[in-house]
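Student: I'd like a close look at a single part of this model, please. Pick one and walk me through it slowly.

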Amino acid sequence: MNLVLLQNLLDNASFAILFVTMLIYWIGAAFPNISYLPALGTAGMAIANLCMATLLGARWLEAGYFPISNLYESLFFLTWGMTTVHLIAENNTRSRLVGVVTAPVAMGITAFAALTLPNDMQSAAPLVPALKSNWLMMHVSVMMLSYAALMVGSLLAIAFLVVTRGQKVVLQGSSVGTGGYRNNGYSLHKAGELVKPTEEVNSANGVATFQSNGSSTAVIEAVTTIQTPTTVSSEPLSPQRLSLADTLDNISYRIIGLGFPLLTIGIIAGAVWANEAWGSYWSWDPKETWALITWLVFAAYLHARITRGWQGRRPAILAATGFVVVWVCYLGVNLLGKGLHSYGWFF
């Protein structure tokens, strides 16, 4: 079998499948009553993921090393990671909102790798001496997976800002830390205590009345309240937009919570590898510096949510900033062609 020809077929097939999948997700978002579109979108993502996994496997067989040493390989590995995170998030949340924002970015990355990069950058080449190490797989793969998760989480945060039009909203999801003011939806009463009726809760989106009765035993009574969104404009958000925003906020928080530990492990593994290769754990190389900046941005995001109880717009802005920082760390420093981590990707 001609592995080079197979790779060329698979990278173009990945682009075409992701392009069609993007259209399916967008049409499904515009026409939610079409029931079969979500399943088609998930199937498209799964097929694209399989195509890229096969491409990377063929590359591994052809070159004899883990395929993540140049820009072409790392772009496809990044896209494979994004589609994998997408499928995990979609399966766990049963939400098709993830694909609306991840599919176009994944498609754009594959288009750049398959259609824009010159042939000499797409072809496999012998590893430079610094990369001939088992740490290539252990460090770089974890870093790329962390980038994939952080990008997906940040994209959902950007989508949250778009859906809420930048307004401040009070959400009801579970993605809040110990410093938050949201309760868990239950109130505990002592045995024999007479429970007072719950008053009406007025909201900009409707009115709901909840009542409870006294009990002779200890009960945990479910309390459902409708939070009033605090907005910066006089036009309130619709219940559909609030529900959509709550889902995006929750998924974004959980995916970034997955990517941050991977980033931490990747940085630590890179420091150990740097000590073996260059005799120093940390040399303030541009890539190392921006990796630290990325870590600090998302550490601030998680600290704000878990400790300070931030939710909604402010952490979403932090995550959106992190999306830019991740791209600068991944590609921006290599555009300069300087530093120990630049292996001729651009210059």
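**A look at helix H6**

Tutor: Helices here are DSSP runs of H or I with at least four residues, numbered from the N terminus. Bear in mind that this is a predicted model: local features need pLDDT of at least 70, side-chain atom pairs count only at pLDDT 80 or more, and totals for chains, interfaces and linings use all residues. Residues are numbered from 1 along each chain as its sequence is written, and side-chain values use heavy atoms, with hydrogens and water left out.

Now the length. H6 covers residues 135-163, and at 1.5 Å a residue its 29 residues should span 42 Å; the expected span is 1.5 Å times one less than the number of residues. The end C-alpha atoms are 42 Å apart, so the two agree.

How covered is H6? Mostly: 24 of its 29 residues are buried, where buried means under 20% relative accessible area, exposed over 50% and partly exposed in between (1.4 Å probe, protein chains only).

Ser141 has 10% relative accessibility, so it counts as buried. Leaving aside residues up to four places away in sequence, Ser141 touches Phe66, Ile68, Phe77 and Leu136, a contact being heavy atoms within 4.5 Å.

Methods. Helix = DSSP H or I, 4+ residues; strand = E, 2+ residues; numbered from the N terminus.
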